[in-house]
Amino acid sequence: MASSSLPAAAAVSPMVMAYASSFQLPSFSSRQYYTHSSVSTNYSKSKQKLSPILETCRFSSSQIKPNFSSSSNFNFNRRVVVARSNLKFPLISPDDQWGIWTALFSTGAFGLWSERTKIGRMISAALVSILLGLAASNMGVIPHEARAYSVVMEFLLPLTIPLMLFRADMRNVMKSTGKLLLAFLVGSVATMVGTLVAFLIVPMRSLGQDSWKIASALMASYIGGAINYVAVSDALGVSPSVVAAGVAADNVICALYFMVLFALGSKLPTEASVSTKDPTNSSDSGSGDNVSVLQTATALAVSFAICKGGTHIVQLLRFQGSTLPIVTAIVVILATLLPRQIGYLAPAGDAIAAISIQVVFFAVLGASGSIWNVINVAPSIFVFAFIQVTVHLIVILGLGKVLNLDLKLLLLASNANIGGPTTASGMAVAKGWGSLVVPGILVGIFGISIATYIAYFFGIFILKGM
């Protein structure tokens, strides 16, 4: 044994080297950590000096294999400490139905409340709900897929379409919207041009047959709205992962695009206070603030009947995936042929649709969109949509100038194209364009009525062959 005057490392060096050569600490990724409760040896001085030496030694971190010869005087009592995390992602399990529905309604309710704020009025409750759902799912709070989402898409969405389109009297739309309808039609043509240009530049060939299908779905979204995106995706059979990637890309694009529209209209003057009440509704039609229980029940019954009729026609004609387009066609025909009877249900339909669409559908649309899907599955979708809306804006402003249309009409029509009636009316209110609130809603409804068919046939006959 070396004398006590020597350094500690020198005193126990042979013994420590034998120990260190066979002892390896676990990797930091391991969940098992090994400690030693006691070390016994015949050398009392070594027992006192072993601890500080081990603290200064560096060992590799691959596995633990203490290996001592039978002649060694070391006896180890090993204790295993297992560290486990009880935190699981997503925080709300896909099987937790009450938790998911609570999250969806809370998200939508926050979106509706946000319209009381300046920013919320600028981008609308719909986009706030979408972005909040997108953030919640990508941060691991709620899942990207759940049975509740399927219920919304399979039953609640078809039921809501008639409720939204009880005002879709095409004769009234043509008569009440004036030049805004012309601006909207110019914007629809601009979206078609943008789709062609984007598909030529970014054909998204890595998606296979889904390339032209998702292009058609995005075109439907940028003529009508999110409902048309879902309808065309369903009708053409787009893969779920591509649909989710398109949703995420569309959410980001819409948020950026609305900021651009508000920036372009920042110097446009507001109007004098004008009533935004729909003049087509007589007093017996009720109002959004005074809807009777009978009116609400009748609106729901008619909507259920239209959905039943639509699904029956689909089954009869064997049009796979055509439920939403057929339901849309039925309600538009009824609203045009029976404007007084169907229009009477519009206030109740608006109230119910505000809950089912604003509160639930847009929250689900955001929650099902994974940003990682855009990055990993189809980053080209984001580039495609960016080119699509950029060309749309250039064309609508250019043609609008040739046709001598006011800039505020072009901006509001473009908003109705890209976002739909809710974002269009939100922009009109936020900018103080009171006379354009109701026309903005009507052209948005008109867009929802026609977008599915335009995009579907455009994809089948033009994009598919490119």
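Me: What does Ser380 touch, leaving aside residues up to four places away in sequence?
Reply: Ser380 touches Val202, Met204 and Ser206, where contact means heavy atoms within 4.5 Å. This is a predicted model, in which local features need pLDDT of at least 70, side-chain atom pairs count only at pLDDT 80 or more, and totals for chains, interfaces and linings use all residues. Residues are numbered from 1 along each chain as its sequence is written, and side-chain values use heavy atoms, with hydrogens and water left out.

Me: Why is Ser380 called buried?
Reply: Buried means under 20% relative accessible area (1.4 Å probe, protein chains only). Ser380 has 17% relative accessibility and therefore counts as buried.

Me: What makes α8 and α20 roughly parallel?
Reply: The axes of helix α8 (residues 179–201) and helix α20 (residues 437–461) cross at roughly 30° and come within 11 Å. Angles under 35 degrees count as roughly parallel, and those over 145 as roughly antiparallel; α8 and α20 are therefore roughly parallel to each other. Their contact involves residues including Leu180 and Phe184 of α8 and Val443 and Phe446 of α20. The contact residues divide into 11 nonpolar, 3 polar and no charged.

Me: Why are α8 and α9 called roughly antiparallel?
Reply: The axes of α8 and helix α9 (residues 210–221) cross at roughly 155° and come within 10 Å. On that angle, α8 and α9 are therefore roughly antiparallel to each other. Among the residues making this contact are Thr191 and Phe199 of α8, with Trp212 and Met219 of α9.

Note on methods:
Buried means under 20% relative accessible area, exposed over 50%, partly exposed in between (1.4 Å probe, protein chains only). Axes are lines fitted to C-alpha atoms, for helices over the stretch in contact, and angles run from 0 to 180 degrees between N-to-C directions. Helices (H or I, at least four residues) and strands (E, at least two) are DSSP runs, numbered from the N terminus. Angles under 35 degrees count as roughly parallel, over 145 as roughly antiparallel, 65 to 115 as roughly perpendicular and the rest as oblique. Ala, Val, Leu, Ile, Met, Phe, Trp, Tyr, Cys and Pro count as nonpolar, Asp, Glu, Lys and Arg as charged, and the others, Gly among them, as polar.
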